[in-house]
Each structure stands twice: as structure tokens, then as C-alpha cells.
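Reader: I am new to this structure and would like to learn how to read its features one at a time. Could you show it to me and then take me through them?

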Amino acid sequence: MSADIVTQLVPDVVDARAMGRHLDRQDGVEKVTGAATYAVEHPVEGEVLHAWLVTSTTARGRVLRVDASDALDHPGVLRVLDHESAPRLADTEDRELTVLQDDRIAFRGQIVALVVATSSEAAREGALLVRVHQDEEPAEVVFDEHSATYAPEEVNAGAETDTEVGDPDAAFASAPVVIDATYVTPHEFNSPMEPHAATATWDGALLTLHDSTQAVHAVRTTLAPVLGLAPEQVRVLAPYVGGGFGSKGLPHAPEVAVALAALALPGRPVRLAVTRQQMFALTGYRTATRSRVRLGAEPDGTLLVVRHDASSQTSRIKEFAEQSATAARMMYAAPHRATTHRVAALDVPVPSWMRAPGEMPGMHAQEVALDELAVAAGIDPIDLRERNEPEVDPESGRPFNGRRLVECLRVGADRFGWSGRPAEARARAEGDWWVGTGVASATYPMLFSPGNTARIRSLGEGRYGVDVGAVDLGTGARTVLVQIAADALQVAPDCIDLAIGDTDLPFATVAGGSSGTSSWGSAIAAAAQQFRHDHGSSPDPGLHTTAASGAYADTEGHAMHSFGAVFAEARVHRWTGEVRVSRLHGVYSVGRVINPMTARSQLLGALTMGLSAALHEEGWRDPRTGHVVTQDLATYHVAAHADVRDLQAEWLEEEDHLATPMGSRGIGEIGIVGTSAAIANATFHATGVRVRSLPLTADHFLDA
Amino acid sequence: MKELTYHRATDAAEAVALVAADSDARFLGGGTNLVDHLKLGVARPGTLVDVSRLPLDAVEELPDGGLRIGAAVRNSDLAAHPVVRRGFPAVARALLAGASGQIRHQATTAGNLLQRTRCVYFQDVTTPCNKREPGSGCSALGGYGRYNAVLGASEACVATHPSDLAVALTALDAVAVVLGPDGERRIPLTELHRLPGHHPERDTVLDHGDLVTAVELPGSAVAPASTYAKARDRASYAFALVSVAAAVDLDGDVVRDVRLAWGGVAHRPWRAYVAEEALRGAVLTEETAREAAAAELAAATTTDQTAYKVAMVRNLTAHTLLRLAGGAR
């Protein structure tokens with residue numbers, strides 16, 4: 001299609017007809033029948049080659065020599081790229097993406113060579129045969145209370161590093177009831193079912209990348225300058241993605257590696273699938289966090305001071321500062337408040353986004369601390385939260401867009417059966433199990449990514465093509481965008497042909513920060529409204545309109561957040577300390593729910609991921625080598641089906657037209673926020689044992 | 001790629017002859033562990049001799065009330081077998097406590113016994129491991145230790161044996177029937193697996209070319225009152241932190257006979273003879289059960305990461321015995 005004239009406009013409110021109702025997953029049949037093709041399955045022209053990564057076995061040092069002679073002798077192996085033979089990159093500023101350009105080793109598991117062969121088996125064997133001589137230097141890989149930290153310029157999502165209101169230290173010193181505790185969360189790994197994978201073809205003018213990504217355009221705009229190509233020389237496609245949880249929100253080193261292989265072997269498609277083990281070093285992870293939380297309150301629980309000092313680790317080669325303390329800035333009223341973020345730079349892989357970065361570990365700490373305060377003050381945990389409900393956003397002073405935390409707590413309490421809960425811990429046993437209940441609040445900011453563009457095309461006979469470079473990484477985006485487009489054009493959903501997942505489509509931002517539906521949907525609304533304005537209700541086939549959405553949300557006038565409440569019932573085995581979560585219920589205020597089925601799936605999935613973080617997940621980094629040794633799904637435990645019992649998610653009926661023209665806000669992340677805290681609080685209530693680190697493994701409760 | 005020869009054996013003797021004659025050959029059962037090892041580079045055999053389709057897939061009742069279980073009987077079939085469920089419940093429960101449904105459909109009886117440790121370093125060819133590469137060192141000493149042994153470990157190896165089934169069979173005095181190049185012999189389960197000593201590369205007393213063709217469970221007064229309990233890091237699909245196979249025969253409150261074996265604590269299924277001896281003739285109470293377990297654990301060596309196992313296996317032993325006693329009354 002020829003270059004479009006792009007109108008930018010702020011869309012009007014979209015009346016809901018399809019939105020809010022069930023619509024089957026648009027790609028459900030393809031997915032369950034196996035017809036959906038993932039990144040290394042896309043049929044491509046030409047004889048396909050396969051790449052395999054060779055990674056460092058030292059955490060810090062240099063590559064002395066890569067001996068590829070045995071690998072090259074192996075049948076099927078065509079090429080071994082190393083830091084001397086790989087094509088040169090044009091921009092090496094982002095050292096995570098600076099693959100095979102110099103001899104430095106910055107972490108264990110870094111790419112030090114790449115084998116290309118005619119089959120994946122030959123490539124894998126070739127990789128085993130490459131001998132990488134490495135010079136090892138002393139490395140720092142342990143993040144703990146002794147780690148040297150610094151204050152970053154800003155933290156993830158562009159938030160301020162430190163904030164202070166009032167005189168928090170004096171307020172804490174004089175507060176009648178105080179909590180001062182440190183909460184620790186471990187390294188967690190996104191572990192989507194589809195590994196990071198891509199098929200790359202360089203035809204001499206265009207690099208085509210079938211990628212497993214949450215953001216086709218971001219991959220293009222990030223990789224093109226690194227590779228020394230114009231953006232138009234990179235096409236990225238991701239029609240189906242098998243999960244990402246943030247780890248595919250930005251390109252990582254493997255995408256550069258496969259592009260280098262394609263550039264080195266023009267005309268030959270090269271496929272690369274990162275192994276599960278390699279994902280533990282190369283594709284991002286949630287850093288371990290330490291949160292010292294100090295709360296000071298009146299005897300009735302009214303907060304006087306909230307102080308949250310958070311630290312996390314990053315890699316020496318690239319800073320990522322988890323914004324764990326940001327939720328403490330807006331969650332509860334308190335006249336005195338301080339938040340800080342510090343980071344330890346180590347010889348470790350680069351941390352990145354994992355579902356609700358910041359909020360997840362930060363709210364874990366804060367919501368367990370609040371439970372401790374409830375116990376110390378002798379107040380019901382729900383009453384305590386209600387007592388500290390702010391009139392306006394404590395951080396900005398602006399009114400909230402509709403803060404319904406207390407309703408979530410009250411509705412949830414009713415559904416869960418909170419009333420009659422024993423105030424004392426260790427008050428209820430059933431058979432061999434101590435039984436307890438816990439609650440925590442959840443929150444997530446309403447985020448909107450500017451610049452999204454959509455195109456509406458008349459296909460005739462009342463049908464419309466809707467094009468937007470969005471990605472459905474399994475969330476249901478493909479389905480809800482059809483619903484939004486249908487309502488924006490005032491037609492039925494089956495009149496919409498939606499195209500996503502391709503940089504040839506209009507620009508779209510990442511499926512991340514729970515911003516995808518809000519941002520892409522606003523662009524679709526803008527384009528549809530402009531299309532109707534331009535072409536009326538009975539357009540001739542071929543007519544089209546492209547429009548970008550201006551900022552719709554009233555972020556200057558309001559503090560925009562979603563809220564929720566999570567309730568957990570935990571059972572702790574009296575003899576072994578094993579923990580089971582027999583009930584886990586979440587109630588959310590997230591704006592209009594566009595598709596109840598896909599939304600419930602998102603919330604249940606995130607609750608499950610929170611349960612998994614509470615009970616199981618821990619990447620164990622060997623302090624001697626910097627190597628995450630629990631590097632597969634047999635040793636890095638995520639919740640199994642048997643761990644998930646009575647799991648429920650519901651939401652308050654609402655439309656938030658301050659937030660988006662659809663009345664919706666994001667739903668992808670809030671379900672993981674506070675969940676581990678609710679479970680930790682429930683285990684305390686069951687046993688009287690307060691565990692301030694995750695995961696809540698059996699050994700913690702053995703003497704309970 | 002690494003090429004290998006695949007041979008589907010037609011009878012046990014042929015399989016034994018093929019493997020015995022070739023130091024680079026391995027038996028292939030259900031493949032649920034060995035195939036992983038092929039992919040990881042942990043095992044690199046030149047020849048696989050597939051014994052999973054040999055006519056060793058029957059469960060036969062023996063005149064003494066015991067069972068002869070063919071080596072190729074699938075874990076799920078064995079767990080569902082009515083005689084196993086009724087007469088040897090510890091065996092059925094141990095099987096069902098292991099792996100996942102899909103893996104149990106695939107895995108064989110002998111293969112389950114001969115699976116190798118899941119020590120993370122054993123499975124990672126980029127790290128030293130004496131079991132995988134003798135003399136290279138033990139990374140688990142001073143490394144990730146949550147699943148390490150607390151009994152019978154050596155400076156060369158602190159790995160644990162991962163099988164649940166083997167623990168139940170060890171408690172119930174099962175015998176492995178082994179066909180070797182020189183004929184058949186019978187090895188009690190209690191003697192099949194080794195402690196690591198200086199040779200952690202050897203999991204068992206079997207020699208190259210020895211094929212387990214069957215497992216025999218003797219008829220026993222205690223086996224019907226047996227059970228298996230497993231503590232683990234998630235509700236399913238996780239190896240034991242610790243596990244207990246127990247059988248008890250009570251005369252009132254007095255222990256007439258008892259069998260006790262532990263998993264997750266040692267390089268082999270750990271038959272707790274000391275604890276059994278302490279319990280025989282004693283009144284079974286929580287106190288006596290704990291004391292008996294503690295006596296067995298007197299020899300335990302722990303680290304910060306494994307200290308919990310001592311308390312956990314002691315608790316689980318007491319809990320399991322008391323539950324059996326409760327059921328028996």
C-alpha cells in the first residue's frame with residue numbers, strides 16, 4: 001500500500017456493542033490444531049539453515065581463542081561465527097545487543113560463538129564441538145545485603161529514583177506503632193512456553209525476521225541501527241507468539257545473533273531457537289530484590305509514615321533498575337513518606353521486564369509489611385487498608401480516576417468469606433494442615449503508549465480491513481481488537497479482518513505495561529472515526545484511512561491506576577511444612593472488561609503466576625560462577641496444575657472514559673501484584689511464622 | 001550430529017550380548033531420562049539397544065503371595081495393577097507420586113530404578129561433576145544443595161537418587177532379577193544401588209551389560225499395610241525433598257514388624273535399619289517414632305541448605321507410621 005497520509009486525532013468515546021461481550025478467540029482454532037506457526041516454524045523460501053549458540057562458562061574475562069576446527073569438520077556445519085569473524089555491528093552502545101564484537105565476557109552464559117549448519121542437530125553438535133578458550137577474571141555475582149549499590153538516574157518506566165515528603169525519619173522515630181522489616185524476592189525467570197526464537201533472512205537489501213516478540217516495531221527500530229540498516233530494511237513479523245511475560249518486550253542478544261548469521265549467509269534463511277537453559281542468561285529476568293519497609297502508625301493503624309528502600313541488581317554492561325518502591329508513593333495516605341531505589345552492578349546477565357516489574361516485588365514487600373502492622377496494631381487487615389485510603393493520589397496530589405480499592409476489598413471479603421476470620425494466627429487446623437487466610441491489595445498504573453497508528457480499509461459488502469502492528473502474545477489481543485474495531489466502525493465483529501504482527505502494518509507499541517489494548521485500541525478508534533468522517537457509512541471498496549491516536553487519557557487531571565484485592569487461603573502441613581493454596585480469589589477494578597473470557601484468562605494466569613512466585617519460583621545463582629543452575633523447568637519450579645486449586649477472578653462493572661475511548665484500562669499485569677503477599681500473609685495466619693522471603697518453601701514452616 | 005546405532009532387541013539374551021560386547025552401548029527403556037541425557041550431552045552412547053519392547057511386560061503373582069514385575073512394565077500400568085494397589089500400596093503410591101502422567105505412561109519399571117540423579121550439576125556439562133566425569137570435582141559441594149544427600153555422601157558426591165519407586169521396593173525387600181553375560185543373578189534392592197564413595201560414576205552394583213529383567217516382591221505380612229509419603233516443593237511433578245516408604249504390623253500398640261526406607265536423603269534409597277530395629281517391639285507413639293528416626297539420622301551430615309531434611313524426614317516418618325497405625329486399627 002502506498003504511503004498513507006496519517007491523521008493524528010484524539011478519538012471520541014466508543015459505544016459498546018461487541019465490547020463487554022464474549023467473543024471466541026479469533027486464533028483459537030489455529031492454536032489448538034497446531035496450524036498456528038511460531039517463530040521457527042514459519043515456512044520460508046530457500047534452503048533453511050539452523051543456528052546454535054555457544055555461551056561463555058566464565059562470568060567475567062575475555063575470549064582468548066575460539067577453536068572451531070572440530071565443529072567445522074562436523075558434517076552439516078557451514079560456519080562458526082565468533083567475535084573476530086562475525087559481521088561488524090554499526091552501533092555498540094547497547095552492550096546487551098553487542099553480540100560477537102569483542103573479546104569481553106561480561107556474564108556467564110554470554111554468546112561467544114554461533115554455529116550455523118544445515119540441520120538443527122548438526123548445529124547443536126557443532127556447538128558442543130566448539131572450544132572456547134577463556135581467560136577468567138575475578139567476578140562479582142552475588143547480590144545481598146552487603147552488595148555495594150548506587151543510585152540510578154531513574155528507575156524502570158522513567159520513574160524518579162528517590163522521593164521524600166515530610167520528615168519520615170522523625171515521624172518513624174516517634175510513631176506509636178512501627179514495623180521495620182526487610183523483604184527479599186529471588187531471581188525469577190519469565191519462562192514462556194515458546195522460547196525466544198527467530199527466523200532471519202537477508203536478501204541483500206531486506207532483513208526479514210520472523211520473531212517471537214511482543215513488539216515488532218520496537219524490534220525493528222532497535223535492531224536496524226545496531227545492524228547498520230535503515231528501518232525500512234528490516235521487516236519483523238510475529239503473527240503468533242507463545243508467551244513472553246515481558247521478556248519479549250525488547251529484543252535481546254539472540255535476535256542480534258540470528259541477524260548476524262543471516263547477514264553472514266545472504267539468501268539463506270537462518271533459524272535460531274534459544275534453549276531453555278540459555279534463556280536463563282540471555283533473555284532477561286526479574287532481578288532479586290531487597291525491600292526494607294518501615295511503617296509508623298497511630299495505635300488505630302492510621303499511617304504516619306511509609307518508607308520503602310528498595311535495592312536490586314543489574315548487569316555491569318547495562319542498567320535495569322527495578323522500580324520496586326514506586327507503588328509505595330501512591331498506595332496509602334501518610335503525611336510522611338520516603339522511597340529510594342539502589343542498584344548493585346554485577347557481572348551478571350541483564351535483568352529486564354517480567355510481569356509487573358516494580359509492582360510485583362514492591363507490593364509483595366509493602367503488603368506483607370501492612371499485614372505485620374495489622375497484627376501489631378490488632379486491626380483487621382482490611383480495616384487497616386480502608387483506614388489509610390487517600391482522598392487524592394499521595395504522589396501527585398491529583399484526584400484518582402476512580403479509585404475503587406475499598407470496594408474490591410469489601411466485595412472480595414464478602415465473596416471469600418472473610419468475616420469471622422480468627423484474629424489470631426495459628427487458630428485453625430484441619431486434619432494435618434494449619435489453615436489460614438490472608439489479603440493484599442493490588443495496583444497497576446494505567447499506561448498509554450503514544451504514537452500508535454491504525455489503518456481502516458473498506459473491503460466492500462460491509463467488511464473492513466483493520467491493520468495495526470500490534471502483537472498478540474497469547475493475551476487475546478487479536479480478539480479484543482476485533483471487538484474494538486467492530487464497535488468503532490459500528491459493525492459486527494465478523495465484518496472485521498484484523499491484521500497484526502508485522503512491521504509492514506502501521507506503527508504500534510509494545511504489548512507490555514498492560515498498555516497494548518489501551519494504546520492500539522485508541523488508534524483503531526481514531527482511525528475508524530476518521531474513516532467514517534472521510535468515507536461515510538457505505539464506503540466503496542478500496543477506500544482507506546490511517547490515523548494515529550493522540551493522548552486521550554486525562555493524565556494531567558487525574559492519577560490513573562487500577563486496583564484490586566487478593567484473598568488467599570493457605571494450608572501448611574503440620575509435619576512437613578508444605579504449603580498449599582486451597583483458595584485464591586481476586587477482585588479487580590480495571591475499567592471496562594472488553595472480553596470477559598480473555599480477561600478472565602489474563603487475570604487467572606497472572607494470579608497463577610503470583611501463586612507460583614509465592615510458593616515455587618527461584619532462580620539459584622551459583623555464587624562461585626554466576627551461573628543460574630536451576631536452568632530448566634524441572635529445577636526452576638513453576639506451579640503445576642495440582643498447585644492451583646480454587647482460583648477465581650472477578651471484576652467490578654465499570655467504564656473508565658477518563659482512561660480510554662473504550663472505557664477500559666490494562667489487565668495483563670495487575671493479577672500478579674499482591675498475590676504473593678496475600679499468600680504469605682495467609683501462611684502467617686495459618687502458622688504464626690512470618691516468612692519475609694520468597695518462595696515460601698516447606699523448610700520455612702518445618703518447626704511451625 | 002552425533003550419530004548412533006539403534007538396535008531393537010528381540011530377546012533379553014541378545015540385548016545383553018550386544019551391550020556387553022560394546023563398551024559404548026547402552027540399554028534404552030522408556031527413554032524418559034536417557035533421551036534427556038542424549039540431548040544435554042550427559043550421555044553420548046554409540047549404540048542404543050532398545051529393551052522396552054522385550055516380552056518383559058507382565059506382572060505375575062507368585063505362590064508366596066509376592067509379585068514378579070517385568071522390567072518393561074510401564075509405571076502407570078504397575079501403579080494401576082489391582083494386586084499392587086491392594087497388596088503393595090506403597091509401590092502404587094510411590095509410582096503415582098513420581099513424574100507426570102505422560103512420563104509414567106512411558107517409563108519402565110527397571111528404567112525407573114536405574115534413572116540417574118537430577119543434581120543440577122550432573123545435568124549441566126559445563127560444570128564439573130564426578131558422577132558424569134570422574135575426577136573433575138563435585139560442584140554440588142558448596143553449590144546448590146537443596147536436594148543434596150545428608151546420609152552416606154562422600155567428598156566426591158552428594159547427589160541423591162531420584163526414584164520414588166526404588167524407595168518403596170527397598171522398604172518391601174524387593175529383589176532385582178539381573179541377566180548378565182554370565183547368566184542370571186538376584187540382587188536385593190537394598191544392595192542394588194551404591195553409596196558414592198570414591199566412585200560416584202557408579203550408581204549401582206550392576207556391570208556393563210547387566211540387564212534388569214524383573215523385580216520380585218516377596219509376599220509379606222506387612223506389605224498390605226504399607227504406604228509412601230513424599231514431601232516436595234510443589235504438589236506434583238517434583239522430586240522428593242524427602243520421602244518415606246513404610247509398612248508396619250502392629251500387635252495392639254506394639255510394633256511386631258516394620259519396614260522403613262527413605263528417599264531424597266542419600267545416593268541410594270535409604271533402608272532405615274536402625275530405626276526399624278528401634279521400633280520393633282516398641283509401643284508406637286509419635287515420640288518413639290521420632291526417636292527411632294533420630295537414631296537413624298545420628299549419622300547425618302548437613303549444610304545450611306540441607307539441614308531441613310533431618311527434621312523433615314523425622315517428622316514425615318513419624319507422621320507416616322502414625323497414619324498407618326491409625327489405618328490399621
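Author: In this predicted model, B:Ser236 has its place in the loop between β9 (226–232) and β10 (240–251) of chain B.

Reader: How many residues of chain B and of chain A take part in the contact?

Author: The size of an interface is often given as the accessible area lost when the parts come together. Here the contact can be described by its residues, with 25 from chain B and 29 from chain A. On the side of chain B that touches chain A, helix α12 (residues 307–328) of chain B gives the most, with 6 residues, and by class that side has 13 nonpolar, 7 polar and 5 charged residues.

Reader: Which residues of helix α11 in chain B are buried, and where do they lie around the axis?

Author: An α-helix has 3.6 residues a turn, so residues three or four places apart point the same way. In helix α11 (residues 286–296) of chain B, the buried residues are B:Ala289, B:Ala292, B:Ala293 and B:Glu296. Seen down the axis of α11(B), these buried residues fall within an arc of 95°, so they line one face of the helix.

Reader: How should I read the packing of α8(A) and α14(A)?

Author: Two packed helices are described by the angle between their axes and the distance between the axes. Helix α8 (residues 359–377) and helix α14 (residues 675–687), both of chain A, pack at an angle of about 35° with their axes 8 Å apart, and α8(A) passes α14(A) in a right-handed crossing. From α8(A) come A:Met363, A:His364, A:Glu367, A:Val368 and A:Asp371, which meet A:Ser676, A:Ala677, A:Ala680, A:Asn681 and A:Phe684 in α14(A). The residues of this contact divide into 5 nonpolar, 3 polar and 2 charged.

Reader: Which residues lie on each side of strand β13 in chain A, and which strands pair with β13(A)?

Author: In a regular strand the side chains alternate between the two faces of the sheet. In strand β13 (residues 270–273) of chain A, A:Val270 and A:Leu272 are on one side and A:Arg271 and A:Ala273 on the other, and all are buried, leaving both faces covered. Strand β2 (residues 49–55) of chain A pairs with β13(A) in the parallel sense over 3 bridges, and the partner of A:His50 is A:Arg271. Strand β10 (residues 197–202) of chain A pairs with β13(A) in the antiparallel sense over 4 bridges, where A:Ala200 has A:Val270 as its bridge partner.

Reader: What is the order of the strands in the open sheet of chain B, and which stand at the edges?

Author: The 5 strands of this open sheet in chain B run in the order β4-β5-β8-β6-β7, with antiparallel pairing. At the edges stand β4 (59–61) and β7 (183–188) of chain B, each with a single partner strand, so one side of each is left without a neighbour in the sheet. The twist averages 25° from one strand to the next.

Technical notes:
Residues numbered from 1 in each chain as written. Chains lettered and ligands numbered in written order. Predicted model: local features only at pLDDT ≥ 70, side-chain atom pairs only at ≥ 80, totals over all residues. Axes fitted to C-alpha atoms, helices over the stretch in contact; angles between N-to-C directions. Helix = DSSP H or I, 4+ residues; strand = E, 2+ residues; numbered from the N terminus. Left-handed = near helix turned anticlockwise from the far one by under 90°. Contact = placed C-beta atoms within 7 Å. Nonpolar A, V, L, I, M, F, W, Y, C, P; charged D, E, K, R; others polar. Pairing = 2+ DSSP bridges. Buried ≥ 20, exposed ≤ 12 C-beta atoms within 10 Å, placed from the backbone. Arc of directions from axis to C-beta.
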